[in-house]
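Please look at the sequence and the model first, then read the points below by topic.

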Amino acid sequence: MFDFPKNLEIGYQLSRLMDGWVDWVVINFDPLFRAINAGVLALLVPLEKFLMGEPLSYGWPQWLSMPWWLVIGVTVYIAWRTAGRNIAILTTVLFLLLAILGLFDFAMQTLAITFTATLIAIAIGLPIGIFGAKSDKMDAISRPILDAMQTMPSFVYLVPAIMLFGLGKTPAVMATVIYAIPPLIRLTNLGIRQVDKEVVEAAIAFGSTSRQLLTKVQLPMAKPTIMAGINQCIMMALAMVVICSMIGAKGLGIEVMNGIARLEVGRGFLGGLGIVMMAIMIDRITQSVGKSRESKVT
Amino acid sequence: MAVESAPDIRISVRNLWKLFGNNDKALLQEDWVKTASKAEIQEKTGHVIAMREVSFEVAVGKVFVVMGLSGSGKSTLVRALNRLVEPSDGIIEIDGEDILQYDNEQIIAFRRKKIGMVFQHYGLLPHKNVIDNVAYGLEVQGMEQLERHKIASEILDKVGLSSWEYSYPYQLSGGMQQRVGIARALALDPEIMLMDEPFSGLDPLIRREMQDELITLQAQVQKTIVFITHDLDEALKLGDHIAIMRDGAIIQQGTAEEIVTKPADGYVKEFVRDISKTKVLKVGSIMKKPKATIQESQSPAEALQIMKSEGLDYTFVVAETGELLGALNLAQVESAVEKGFETSNRAINKSCPRVLKYTLIDDVIPLVAKQNTPVAVVNDHGILLGEIEQSSVLSSIASS
């Protein structure tokens, strides 16, 4: 009477069904996932080596990669040009701190994964966001999916990611993409929809094709919002690296995991601090890229 | 459907309907919709009616003003003319072609060549500077930058913004931004300009200035203009022809004079109530025929006799063609008779004041006020048509 009328059988069957789907995908689409794996690694591995100052591949000269001081120099230069002197000084200090604490190589591994995931997220998310802004139907369909992606605990898709791609960097990157892409899609969509209706009307009235409308009016005007989306995307990707280190991604997350596993609180804390410092640097720099545009436009 | 248009008609709109909603075309097949009220349609179908059987014609080089309050459908109407809004039913013929039959490519070509548009909030591209904004319509056509900047810079010169080419819109005042908007439309050298409440967002002083400038500009460029406004004064000032819209339908169209003197219904009457008639009425509408005129060949003695018999102390002298030569007063005639002149025209005052028949009454008030004799009204060829007196001008002011 006071028990909820539950049917364990339905839940069981449903979960079995999904197991079946995943198995089926793993078996039948293996070549596809191998190809994706190879593609991601082709992007990620050289980037990682490049940032860590190692030869890009066996037998390649080392001078093709960046020594640590050049990485710092280039980053500080970018910070100085986009965000001004204060952020450049902050970047220098944080970077030197990372190096002194012995976290520089870990930080570069994390940066490589974050960059790769962000690039893939932009390549996928930007077109989806644009399409969502142009079509209300697409918007209505994508909204609940994005909600699910944002609220679904990431551990849930880490496992199938391992089944599909095997342990290592690729499932980490793909899981990061899934976790980090929703804000980019949402903000791209929002940015384009927010473009002043009269400006869009004007562009059409003067004979723009829909492609011209997008490239000459909507995207430039939505740029600050899209940049905010990319910023959010990078931040979320950074936050994901600790979790991804559980499935074989290297980087600062490994330090955190090791610290937890060995009950070395200080070590874990330092790793976490490294992530925070990275986050501050990247956030300030990417934010100012969006802002410098914005102040010019409004 | 090819319907013959008179050659000097540029825009011909017939039976245009617009219902906002997903099922507009099918709904218009149902008879009850055609006569139902706006509220009834909305309640029964969820559709909002924005245009109801709108028909009008605009001749080449004329300014057609559509006047209405918000929600009257005037913005929808102007957007239908370049198909920013797709009408539900009807015909829009521009130079004899029904633009509603155009496919996507044709409509883009049409917008690029034939029709320019000016927006209420200017609609400028905030990330482009002034010259690139003006050249935008040329840019999307694929014109080279050097060439399009040359054209844009000429147009900017015309609207008085030549030193602002490389400023951004946010650096400009509202009036200047709207000049950029007008320049952008002119850069395409279109035959038709659509202006959607272009001056509504401006201060009253700037607004008047812009209206005057538009009149000057229009005299130079002679475009066919469809001008939307909610301001009756603006409509009367700018429009060769005025249409008044309410709830999607045109309830009256005609010249400014017709609208003010013969309002079609109570709604229009209420609108024009505060309009001073002297600002709309032309001299021709209050002039009277002179009781008598003197032919130049008649002798002073004959003139004196005519004036005495009609009880006039002031009259006009005309040539055989009817052309006004001058005026005579009683004293002049009497002295001419004494001097023994053979014809009257030796005695006349050739510089007597005269006004053209389509001058606004408002503009002749100062002249008439200081003149204690009647003022002659003539047409473009100097032919005497009639006269106006202080009393008739006063009564036209009093009746408004």
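Leu263(A) counts as exposed, because its relative accessibility is 73% and exposed means over 50%. The structure discussed here is a predicted model.

**Positive phi angles**

- Most residues other than glycine have a negative phi.
- Leu263(A) is not glycine, yet its phi is positive, near 55°.
- Leu263(A) sits in the loop that runs between helix H11 (252-261) and helix H12 (265-297) of chain A.
- Glu197(B) also is a residue other than glycine with a positive phi, here near 45°.
- The loop that holds Glu197(B) lies between strand E7 (192-196) and helix H10 (204-221) of chain B.
- Glu197(B) has a relative accessible area of 6%, so this residue is buried, the limit for buried being under 20%.

**Helices H5 and H8 of chain A**

- Helix H5 (residues 104-134) and helix H8 (residues 169-193) of chain A have axes that come within 7 Å of each other and cross at roughly 40°.
- The crossing of H5(A) and H8(A) is right-handed.
- In the contact of H5(A) with H8(A), 16 residues are nonpolar, 7 are polar and 1 is charged.

**Interface of chain B and chain A**

- The contact involves 28 residues of chain B and 19 residues of chain A.
- The size of an interface is often given as the accessible area lost when the parts come together.
- Between chain B and chain A about 2,100 Å² is buried, and carbon and sulfur atoms give 62% of this area.
- Of the area that chain B buries against chain A, 26% comes from Pro126(B), His127(B) and Tyr136(B), more than from any other three residues.
- There are 2 salt bridges across the interface of chain B and chain A.
- A salt bridge joins the side chains of Arg79(B) and Glu201(A), with an N to O distance of 2.6 Å.

**Salt bridges in chain A**

- Over all chains, the count of salt bridges comes to 28.
- Glu48(A) and Lys169(A) form a salt bridge whose closest N and O atoms are 3.4 Å apart.
- This pair links distant parts of the chain, since Glu48(A) is in helix H2 (residues 30-52) and Lys169(A) in helix H8 of chain A, 121 residues apart.
- Glu48(A) is buried at 6% relative accessibility, and Lys169(A) is buried with a relative accessible area of 17%.
- Arg186(A) forms a salt bridge with Asp147(A), and their closest N and O atoms are 2.6 Å apart.
- Arg186(A) is in helix H8 and Asp147(A) in helix H6 (residues 136-151) of chain A, so this pair ties together parts that are 39 residues apart in sequence.
- Arg186(A) is partly exposed, at 25% relative accessible area, and Asp147(A) is partly exposed at 37%.
- Between Arg267(A) and Glu255(A) there is a salt bridge with the closest N and O atoms 3.3 Å apart.
- Because Arg267(A) lies in helix H12 and Glu255(A) in helix H11 of chain A, the pair ties together parts 12 residues apart in sequence.
- Arg267(A) is partly exposed with a relative accessible area of 25%, whereas Glu255(A) is buried at 10%.
- Asp136(A), Asp139(A), Arg143(A) and Arg193(A) are joined in a salt-bridge network.

Definitions and conventions: Residues numbered from 1 in each chain as written. Chains lettered and ligands numbered in written order. Predicted model: local features only at pLDDT ≥ 70, side-chain atom pairs only at ≥ 80, totals over all residues. Heavy atoms only, no water. Axes fitted to C-alpha atoms, helices over the stretch in contact; angles between N-to-C directions. Helix = DSSP H or I, 4+ residues; strand = E, 2+ residues; numbered from the N terminus. Left-handed = near helix turned anticlockwise from the far one by under 90°. Nonpolar A, V, L, I, M, F, W, Y, C, P; charged D, E, K, R; others polar. Buried < 20%, exposed > 50% of the residue type's maximum accessible area, 1.4 Å probe, protein only. Contact = heavy atoms within 4.5 Å. Buried area = accessible area lost by both parts, 1.4 Å probe. Salt bridge = Lys/Arg side-chain N within 4 Å of Asp/Glu carboxyl O.
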